[in-house]
Amino acid sequence: MLEIKNLHAKVDGREILNGLDLTIPAGEVHAIMGPNGSGKSTLSYVLAGKDDYEVTDGSVTWKGEDLLAMEPDERAAAGVFLAFQYPMEIPGVATMTFLRSAVNAVRKARGEEEYSTPDFLRTVKEKAKDLKIDMEMLRRPLNVGFSGGEKKRNEILQMSLLEPGLCILDETDSGLDIDALRIVSDGVNALRSPERCMLVITHYQRLLNHIVPDRVHVLSKGRVARSGGPELALELEKSGYADYGDEATAA
Amino acid sequence: MPAVEQTVERVKEIDVDKYKYGFSTDIESVRAPKGLSEDIVRFISAKKGEPGWLLDWRLEAYRRWRTMQEPTWAKVHYPKIDFDDLYYYAAPKSTEGPKSLDEVDPELLRTYEKLGIPLKEQEVLAGVQGAPKVAVDAVFDSVSVVTTFKEELAKAGVIFCSISEAVRTHPELVKKYLGSVVPITDNFYATLNSAVFSDGSFVYVPEGVRCPMELSTYFRINAENTGQFERTLIIADKGAYVSYLEGCTAPMRDENQLHAAVVELVALDDAEIKYSTVQNWYPGDAEGKGGVYNFVTKRGDCRGDRSKISWTQVETGSAITWKYPSCILRGHGSRGEFYSIAISNGYQQVDSGTKMIHLGRDTSSRIISKGIAAGFSDNTYRGLVSAHRKATNARNFTCCDSLLIGDKCGAHTVPYIEAKNASATFEHEATTSKISDDQLFYCLSRGLSEEEAVALIVNGFVRDVLQQLPMEFMAETQKLIGISLEGSVG
């Protein structure tokens, strides 16, 4: 479904990705782990199409199409979704307004009918309930004054509303307490399906207890240094990233 | 928000120069000869069949104007205007006193149709069930062409007509209040307006009456090389309430058009006037050529105790805007409000703000200004809050926020604060921010296009002010904001 070949990318003139290869078949969840600076977040931004990330070589194919040739909004319409590590605040724009604008923009681009107001409200209510999101939160300006947990739950809510084919979760576990981690993980697991693949980026193994991946890849110096099954994450938990170019070991 | 999606559709409909209202109408007009002299003033006054007192008033203004200098303190730059190279009066030929819509030139009606302004009452009534009625006074070049819902308003005792008509039908009111808020000596442009004003709207709401519908005036400049000088006078008698909205558009012309209007508001004891403006004059093309010079004097006088005047403005058009809707808080316990959204793009220059003059006891005022600068534009907030000696317990809260889009534009805030009474409490807050690339990327990654994203973020930024607009105009304004910022990123 997603095929990344020999991907090289620069940020501010510095090469961060350095020949990365990765293939995720439909229905699978792959985890990306690795020390700080190994290129985990860069990979997520390159896939979502952020401006300052310059691809110098390689290719990314999504459902047979050249992903790198698309604008960020086209990628969203094509089913790519990035759950941000640090979701942005937009003052004055009610979260509900933002959700509706985004959902309708994507539906329109996909040639689907836009939601009517009652249909949209019903859908949001249902999904928000599963994520234990209070409707009051959705009336507040987008991410403004949200706690870490609220922000992450809001990301997962957006993910479920936009019905993506590729879910990229960038350190979704950071800043979450154990209860919030469970709610968010349940939300993500509910979205697992044979038509969808996921790329879960994390520093720590604990998230992978909740979202059990099919494959684990360890990133080092901008490329995949090692791949394995879920047991690889457990091994890393013990040994740390020392073997992968990081002096500080994982806590 | 549906407005965001509609914005983009609207943007697509717009011709290359992005200005939707840029068409001109082929209508025969009667014009006074070019230039300004006592004879032209007499010509205008005669053309309108005015009484002697008004002609004398105009002449006095004209003579004073000849001795005055153009103000140069605003942060705007433009070539000197040759006031002798302008036409001061233009009127559609066929509309000298239409009795009903049937007599109005159909070409004119089509113009307003294109602007989306309903002039046929039945059309308004046939609209969405429960849609609020809005009475409209349409001013084309210098002359009011039609006023709707007059009869229904008259039943409530509300007078809503063109000011020329009011001079004929209610001379006592016009004589009493005209120039009582903005005197003929006030400033260069207001004095010029007093000498040559052609038409505008007149509203009188009698004691204790709550005006049963929104009133609105649509101004349209069509004739070339013609200055437009409207005069609007609104009086809310004791305990009365009225909400009024003006909208403005003009065709695209290579040369600059001069617009120097005067608006006077008078609120007596316990009265309230809510005055909203959606100004969308032609802003000039992408290179900064053409566009309207909008030099406007607007002032409200809270003459009575506990009276209230509220200005809300959405300024998106004009090459140059020079405009400071102000409140004189004369009555004890009176209140003034100013809510402003000023958007500049391309080479537009905006110098706008307000003055809150606290004279009475326990007066309060509130200023919320949101400036958005994009392209190569300059956007200045200039405001004065002053408390005079007797203004015990005067209170003001001011919040000026600026949003920059791109790195070629400028936002400036110039607040003046004067307190001559020690009990005054004045608060001032100001922020300047940019739409960050990260915010934009976040929106794009959720499927919004760049234009939708900017419109969404800006609409969020101006939300506090938008909420002050009458409901009927909010959606339209949100779209206008999106359109004004088209092409501001990327």
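This is a predicted model: local features need pLDDT of at least 70, side-chain atom pairs count only at pLDDT 80 or more; totals for chains, interfaces and linings use all residues.
**Salt bridges, an interface and some buried residues**

The side chain of Lys308(B) meets that of Glu272(B) in a salt bridge, with 3.7 Å between N and O. Because Lys308(B) belongs to strand 14 (residues 308-315) of chain B and Glu272(B) to strand 12 (residues 272-279) of chain B, this pair ties together parts of the chain that are 36 residues apart in sequence. Glu272(B), at a relative accessible area of 24%, is partly exposed.

Lys308(B) also forms a salt bridge with Glu337(B), where the closest N and O atoms are 3.7 Å apart. Glu337(B) sits in strand 17 (residues 335-344) of chain B while Lys308(B) is in strand 14, so the link joins parts that are 29 residues apart in sequence. What is the relative accessible area of Glu337(B), and does that make the residue buried or exposed? The value is 6%, and Glu337(B) is therefore buried, since the cut-off for that class is under 20%. Through shared partners, salt bridges join Glu272(B), Lys308(B), Arg335(B) and Glu337(B) into one network.

Over all chains, the structure holds 31 salt bridges. One of them is found in chain A, where Arg140(A) pairs with Glu150(A) and the closest N and O atoms are 3.2 Å apart. This pair links distant parts of the chain, ten residues apart, with Arg140(A) in the loop between helix 5 (135-139) and strand 8 (141-142) of chain A and Glu150(A) in helix 6 of chain A. Arg140(A), at 22% relative accessibility, counts as partly exposed, whereas Glu150(A), at 16%, counts as buried.

We can now turn to the place where the two chains meet. The size of an interface is often given as the accessible area lost when the parts come together. For chain A and chain B the buried area is about 2300 Å², and carbon and sulfur atoms give 63% of that area. Chain A brings 34 residues to the contact and chain B brings 22 residues.

On the side of chain A that touches chain B, at least two residues come from each of helix 1 (40-48), helix 2 (72-77), strand 6 (80-83), strand 7 (90-94), helix 3 (95-109) and helix 6 (148-162) of chain A. Helix 3 of chain A gives the largest share of this side, with nine residues. Sorted by class, the side of chain A that touches chain B has 20 nonpolar, seven polar and seven charged residues.

The cysteines deserve a separate look. By the rule applied, the count of disulfides over all chains is zero. For Cys302(B), the nearest cysteine sulfur belongs to Cys327(B) and is 5.5 Å away, and because a disulfide calls for sulfur atoms within 2.5 Å, Cys302(B) is in no disulfide. Cys302(B) is buried, with a relative accessible area of 0%. Cys399(B) is likewise in no disulfide, the nearest cysteine sulfur being that of Cys400(B), 6.8 Å away. Cys399(B) is buried too, at a relative accessible area of 11%.

Apart from its neighbours within four places in sequence, Thr316(B) is in contact with Gln279(B), Asn280(B), Ile343(B), Gln348(B), Leu480(B) and Ser484(B).

In chain A, Ala128(A) has its place in helix 4 (residues 117-130) and is buried, with a relative accessible area of 0%. When its neighbours within four places in sequence are left aside, Ala128(A) is in contact with Ile133(A), Met135(A), Leu138(A) and Leu157(A). From C-alpha to C-alpha, Ala128(A) and Gln85(A) are 20 Å apart in space, and in sequence they are 43 residues apart.

Conventions. Residues are numbered from 1 along each chain as its sequence is written. Chains are lettered from A and ligands numbered from 1 in the order in which they are written. Side-chain values use heavy atoms; hydrogens and water are left out. Contact means heavy atoms within 4.5 Å. Buried area is the accessible area (1.4 Å probe) that two parts lose on being put together, summed over both. Helices (H or I, at least four residues) and strands (E, at least two) are DSSP runs, numbered from the N terminus. Ala, Val, Leu, Ile, Met, Phe, Trp, Tyr, Cys and Pro count as nonpolar, Asp, Glu, Lys and Arg as charged, and the others, Gly among them, as polar. A salt bridge is a side-chain nitrogen of Lys or Arg within 4 Å of a carboxyl oxygen of Asp or Glu. Buried means under 20% relative accessible area, exposed over 50%, partly exposed in between (1.4 Å probe, protein chains only).
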